[in-house]
Structure formats: structure tokens, C-alpha cells
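Reader: I have the structure open. Could we go through it together?

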Amino acid sequence: MKRSLALGLSLTLLAAPVMATEKETLKERQDRLSNQLEQSKKAQVETDAELEVTEAQRDAVSTEIRAVNERLEGLSEQIAVQQVEADAARTELEATRQQLAAQGQYLEGQKALLSERLRVLQIHEDRSYLQVVFESRSFGDFVTRLMTAQTIAEQDRDLIHSYMHEVERLETLEATQRTQLSFVKQKERELVVTKQALDQAATEKHALLSELNEQVELLELEQMTRDEEQALMNEQRRIIASQLDAIATAEREQAEAEARAKQEAEAKAAAEARARAEAAARAEATERAEANQETVTPQAPPAAEPKTVTAPVSTFLRPVSGYVSSRFGPRENPLTGAPESHRGIDIVNATGTPIVSAAPGIVIKAAGATGYGNVVFVSHVVSGQVWTTVYGHLDSITVAAGQSIGAGQTVGTLGNTGWSTGPHLHFELHRGEWAPGQPNAVDPGPYIGY
């Protein structure tokens, strides 16, 4: 398996004239990846520590939210009780008002009767009950007049007492009315204050929930991207290690071939030397007899035939046709509207359009990733230089990690997965390996004719 891989790479990416350069480039890339991986791991440790602190803060926020919920429930119950009490107070107040209206009408009648009695008394104010009694004509008339006078006097007293009682009752009812009205107003004020507190609590709850959701999303996204970054760098290290193994195998095979060729050349040279010595000895022996015979000159060995070497790829293919909707460089994020640096170009075409590899290489990653959606990462060695291409937002993927692919080979189909606003290919070109923050990204436009 290693032999076939080494031979394949030696014919495509690792041609003999540039093998040493590629080996040095791959080793440098491997060292950079190791450093970046260590930095990513350190950052992961910091992220984990921050995540632990943030989770504790989130737990505290959750506790606060539960307290707010309990407070809201208590306030709701209190408001319900106050509303019942307010309704009862209003009902009692309405009843009191009705009683006051009825008593007012009755009092008006009593006032009219009392006024009439007072008018009669005023007319006869000079005549006393005794005078009425002494004017009686008989004892029976006296008794009758006396009883009548007593009855009238009692009726007058009862009328006055009734009037006073009604006045007191009216005043009591008025006081009750004022008390009931004050009670209702107080309950209404308490209800308003409670409602304001409830609104404030609800606002705080929504703010806490919003903050909590944002923190959770950011933490999950950071945790996810860290894991993806490390997985991608580990895969790149694995690919580079396999490339270095292939180069080492090819170098070993080349060294063995050169050693065999050298041994064969040395053996051939020794045989020719022996042949020349034998010929010289025979010539010396027959020199006297064959004085006029020409000395045989040994022929030079034939020159080695030059090896045919496949030249490395020097250009990139366009991964898909279409128009560019967003170029490399500064722009506003189409999802958030925030300014950002776009680290690739977006090429628009129909969903399902085939996407091809821009150069021969090895697939580093072929799966879903945060932001990218379905994405393919491919590592290339072009003219001794390591490159990485990225094909994002794919609808489907047709290659697998670790697979060797050729230029123009389909890696997937155009789609709208991940953080995307419409069907397009997000294509990135990195001079070197893909790294967190994409520091090696270059504008792919000039390389693919856009």
C-alpha cells in the first residue's frame, strides 16, 4: 500500500527534481502545524476554563431566572387577590351608593313632613297643651283632648328623633362611602405599583434569558470550532506524515535504485578493465609477431538514457462556473450586517451543479463544519509549494477524507448549507495549510480566472 502510494505521489505531486524541496516544504508545514496545534490546545484549555466559569455564571443566572419566575407567580397571585378585593369593594361601594340614594329620597320626605309639623307648631306656638285641655267641655272631652295632645307631642318627638336618626345614618353612610372609595383607590394604587413591578420583573427575565441564550450559543460555537480546528489540523498532520512517508519511501527506493545502478556500473567498469588488461596482455604477446597490427582501442560505455519526469501542476482549475456574488476582502456579513473580512469568493450557480477539485491533492476533511456547512478541504503540492483549497456550503459530498484526487475530479455538488443566504460555492485558497483565523488565505480570483 505504501509502495503504490509512494509511486502515485512520485508521478504527480512528488516528482524527482523537486522531491527534496517538497520534503523540506512539508517538514516546515508539519512544524508549523505542530506549533499551531499546540497553540490551539492552549487556547482550548483557556476556553475550557472560561467555559467552566461561564457555566457557573449561567447556573447563577438560571437561579436568578427561577427566582424571577417565582416572584412573577407570587405577583400574579397577589394581583388576582387584589383584583377580587377591588371588585368586592366596587360592588359594596355601588350598594352603598344605592342605599344613599334611597335614604336620600326617604329623608327628603321626612324633611317635608317635619317642616309641615314645625309650621303648624309655629302657628299655634302661643297655645299650650294645657290651654287645649282647659277648653274641654266635659271630662270625656278632657281625656280625649289630653290623649290627643300627648299623642301629638309623642309624634312630634318621634318625627324629630327619626329625622336625627336618618341624619346620623346618612352621615355614617357617607363616611362608609368615603372609606370604601379610599379603599378602592388604595387598592388600585397598589395594583398599579404591583403591575409596574411585574413589568420590571418580566423585562429583567427577558433580558436574562436573552443574555443566557447568547452566552450558550457563543460557548457552544467556540467549543465546536475549537474541536473542528484541532480535528482539521490533526488530519492535516496525518496527511503530511503520509506524504513524508511517501517521500521517504520514494527516496529509499531511488537510493536503492541508484545503488544498484552504481553496482552495475562498477561491475561493468571492472569487466571492461579486465577485458582491456587481457587485450593488452595478448597484444604484448603478439606484438613482435604482429608489429604492423593496430592496437584495439576499447570503446566508451554507452551514456545512460535520461529519465522522463512528469512536471508538477502549475495552475489551478476553476472549481465551478457561474458569477461571483462576493469577492475576497472586506464586506458586510450577509446574515448579520456586521463588517468582516471575507476569506474567499462566492460563486453562484444552481443547486446540484458539480464542484471539481482545483488541483491534484489529498482530501483532508469531507464533512459538515460550523459556518461552512458541508465542506471539503484538499491539500495540494504545486511546484514544490503546499496549498489548501476549501469548498463550502455543498449540497452533497462525493469524496472522503484521506482520498487522493486528481485535478477536475468532482468533490461534491453546489448547495446552500451552513451559514448561507442562497445556493453558491464558497471557495478558499490558502498558501500553505489551513489554520485558525485563516492567516494563509489569498484571493483565489486571479488563480482561477475571476
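Author: The side chain of His426 makes a polar contact of 3.0 Å with the side chain of Asp346; a polar contact is a pair of N or O atoms within 3.5 Å, where, within protein, one must be able to donate a hydrogen and the other to accept it, and residues adjacent in sequence count only if both atoms are side-chain atoms. This is a predicted model, in which local features need pLDDT of at least 70 and side-chain atom pairs count only at pLDDT 80 or more, while totals for chains, interfaces and linings use all residues. Residues are numbered from 1 along each chain as its sequence is written, and side-chain values use heavy atoms, with hydrogens and water left out.

Reader: Where does His426 lie?

Author: His426 lies in strand β11; strands (E, at least two residues) and helices (H or I, at least four) are DSSP runs, numbered from the N terminus.

Reader: Changing topic, what about Lys365: buried or exposed?

Author: Lys365, in strand β6, is buried, with a relative accessible area of 17%.

Reader: What is Lys365 in contact with, leaving aside its neighbours within four places in sequence?

Author: Its contacts (heavy atoms within 4.5 Å) beyond those neighbours are Leu232, Val375, Val376, Phe377 and Ala401.

Conventions: Buried means under 20% relative accessible area, exposed over 50%, partly exposed in between (1.4 Å probe, protein chains only).
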